[in-house]
Each structure stands twice: as structure tokens, then as C-alpha cells.
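Here is a short tour of one protein model, written for a first look. Keep the sequence and the 3D view side by side as you read.

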Amino acid sequence: MARIKPQALLQQSKRKKGPSRISATTIIFYSLILVLFAFFVFATYRHWSNRSRFRSENQLSVSVAENTFVDPRKSDLPGYAVLNTSKGSIIIELHKESAPEVVDEFIELCQKGHFKGMLFHRVIKHFVIQAGDNEGVGATEDWNLRGKQHTSMKHEAFMLGTSKGKHLNKGFDLFITTAPIPELNEKLIVFGQVIKGEDIVQEIEEVDTDEHYKPKISIGILDVSLTQKI
């Protein structure tokens, strides 16, 4: 048997133990996989990042749009009026949406002190109490003769109204109903509702009057204060 030379044995051992060579095709294949994976991660990040930014911008634009449609003059208007009478305070919520022009006029007159010292000159039990110009509107007793009709939500009890038409300041009178009065639909514009002080309204309603429904004792409005919140 022929002997193998030591040099040949050494070279043969190195060939067996040495690492196998990786082909260029394998390197390119795995490189492409890594590139695709990196691209997928980047695309996913961009997608969610853009989506979050879009939602934030959309919410901001909606908020801005809502604020754009708010009339700053309306938002600054007082929402409540406090009638300080000789019998006590009556708190009224103003209906700005249903009668904006009347509410504007009422607020302007309050700021001018128009209602200060104004008397309740006509009081009809289970009907209405009226403060303002004695010559205005006409005879309330004539309305009372029409009798009760179907109840109207517009003129329920404890609603604040004024006569229709141009008031020219002096003619702006105040009516507070003490019962549902649907027959006033054609005569009054309701622009507020008593939310506190119904007992004061009822106390005024119970005073003694003469045959013309004029109180025998003077009952009036000391002043009117305006506020945005109660």
C-alpha cells in the first residue's frame, strides 16, 4: 500500500475543515430580502404617520369651521335678565334664537336704564301682569273677554313678551303671563321665560286692583341687570 505524503494529508485536511464559499447569487438574494423588508417597514411608518397627521389636521379644520360660524356678537350677548322688583327678583332666560331683534332691543334698553322705575300698571289674575306705557297696546281687558282657547306652548305661564310692532323705546312694554294664554299669539312676541321667581310673579298677580286692573298700590321694577350665566 502506497504511503500518502504528509504535505498531501495537510492540504486534504484543510479542504475538509475550511468554510464553504457562499455564491454571489445567494448574497444578492438575501440582500434583496433585506432591502424589501426595510422598504416595507419604512412604508408602514410613513402610512401611519401621515394618517395621524391627517386626522389631527382634519379635527383642527372642523374646530376652526365650527368657530367660524359662531357669530361673536351673539356669543357675547347676555343670556339672562334679572328684574329686581319691589316684591323681589325675577330671573328670566332670554330666547335669543326665537326673537333676536327683540332681545337686542331689550338689552339695549336695559343698558340705558329704560326699565328702571317702570310700574306694573295692569294686573289680571290668571292672565298677565304688564309693565310699561299706560297708553300702549290697548285694553288688555278686551283680550280677556275672548275666553280660553287651546293651550299654546308659545304663551305658557311665566313667559316674558312685548307687544308686536315698532316700539321706539317708550312703547317697549313687558308682559309676564301667569297662565297659558294662546290668544296673545297675535299681540305679543315672546322673548324670554321666567326660570326663577315665579312666586314673585304670583305675588304681584294677587295684589288688589281697580276696575281697570290697575294695582291699588305701586309695584314697579327697581332696575334690570343682565348676565351671561346664572
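## A buried loop residue

Ile-219 has a relative accessible area of 1%, so it is buried. The model is a predicted one. Ile-219 sits in the loop that runs between helix 6 and strand 8 (221-227).

What does Ile-219 touch, leaving out residues up to four places away in sequence? The list is Ser-86, Lys-87, Leu-119, Phe-120, Ile-204 and Val-207. Take Phe-120: 99 residues separate Ile-219 from Phe-120 in sequence, yet their C-alpha atoms are 5.8 Å apart in space.

## Helix 6 and its cover

Ile-204, one of the contacts of Ile-219, belongs to helix 6 (residues 198-205). Ile-204 is buried there, along with Ile-200, Val-201 and Glu-205. These residues span an arc of only 145 degrees around the axis, so they lie on the same side of helix 6. In general, an α-helix has 3.6 residues a turn, so residues three or four places apart point the same way.

Strand 6 is covered on both faces. Leu-174 and Ile-176 are buried on one side. Phe-175 and Thr-177 are buried on the other.

Strand 6 pairs with strand 4 in the antiparallel sense, over 4 bridges. Within that strand, Phe-175 is the bridge partner of Gln-130. Strand 6 also pairs with strand 5 in the antiparallel sense, over 2 bridges. Here Ile-176 of strand 6 stands opposite Leu-160.

Strand 5 (residues 159-163) also holds Thr-162. Thr-162 is buried, because its relative accessible area is 0%. Its side chain reaches the backbone oxygen of Asp-173 at 2.7 Å.

## Aromatic pairs

There are 5 aromatic pairs in the structure. One of them joins Phe-106 and Phe-115: the ring centres are 5.3 Å apart and the planes stand at 40 degrees, so the pair is tilted. Both residues are shielded. Phe-106 counts as buried because its relative accessibility is 0%. Phe-115, at 1%, counts as buried too.

Phe-106 also pairs with Phe-191. Their ring centres are 5.2 Å apart and their planes are at 55 degrees, so this pair is tilted. The pair links distant parts of the chain, since Phe-106 is in helix 4 (residues 100-111) and Phe-191 is in strand 7 (residues 188-196), 85 residues apart. Phe-191 is buried, because its relative accessibility is 0%. Ring pairs join Phe-106, Phe-115, Phe-172 and Phe-191 into a cluster.

## The nonpolar cores

The largest nonpolar core has 33 residues. Which of them touch the most other members? They are Leu-83, Ile-90, Phe-106, Phe-115, Leu-174 and Phe-191. Helix 4 gives the largest share of this core, 6 residues.

Phe-115 shows what such packing looks like. Leaving out residues up to four places away in sequence, Phe-115 touches Phe-106, Leu-109, Cys-110, Phe-172, Leu-174, Ile-221 and Val-224. Another core, of 8 residues, lies apart from the largest one. Phe-175, Ala-179, Leu-184 and Leu-188 are among its members.

## Two positive phi angles

His-126 has a phi near 60 degrees, a positive value in a residue other than glycine. His-126 is found in the loop between strand 3 and strand 4. Is His-126 buried or exposed? It is exposed, because its relative accessible area is 53%.

Phe-158 is not a glycine either, yet its phi is positive, at about 65 degrees. Phe-158 lies in the loop between helix 5 (140-144) and strand 5. Phe-158 counts as buried, because its relative accessibility is 16% and the limit for buried is under 20%.

Technical notes:
Residues numbered from 1 in each chain as written. Predicted model: local features only at pLDDT ≥ 70, side-chain atom pairs only at ≥ 80, totals over all residues. Heavy atoms only, no water. Phe/Tyr/Trp six-rings, centres within 6.5 Å; stacked < 30°, edge-to-face > 60°. Buried < 20%, exposed > 50% of the residue type's maximum accessible area, 1.4 Å probe, protein only. Arc of directions from axis to C-beta. Contact = heavy atoms within 4.5 Å. Polar contact = N/O pair within 3.5 Å; in protein donor to acceptor, adjacent residues only side chain to side chain. Pairing = 2+ DSSP bridges. Core = buried A, V, L, I, M, F, W, Y, C linked by side-chain atoms within 4.5 Å.
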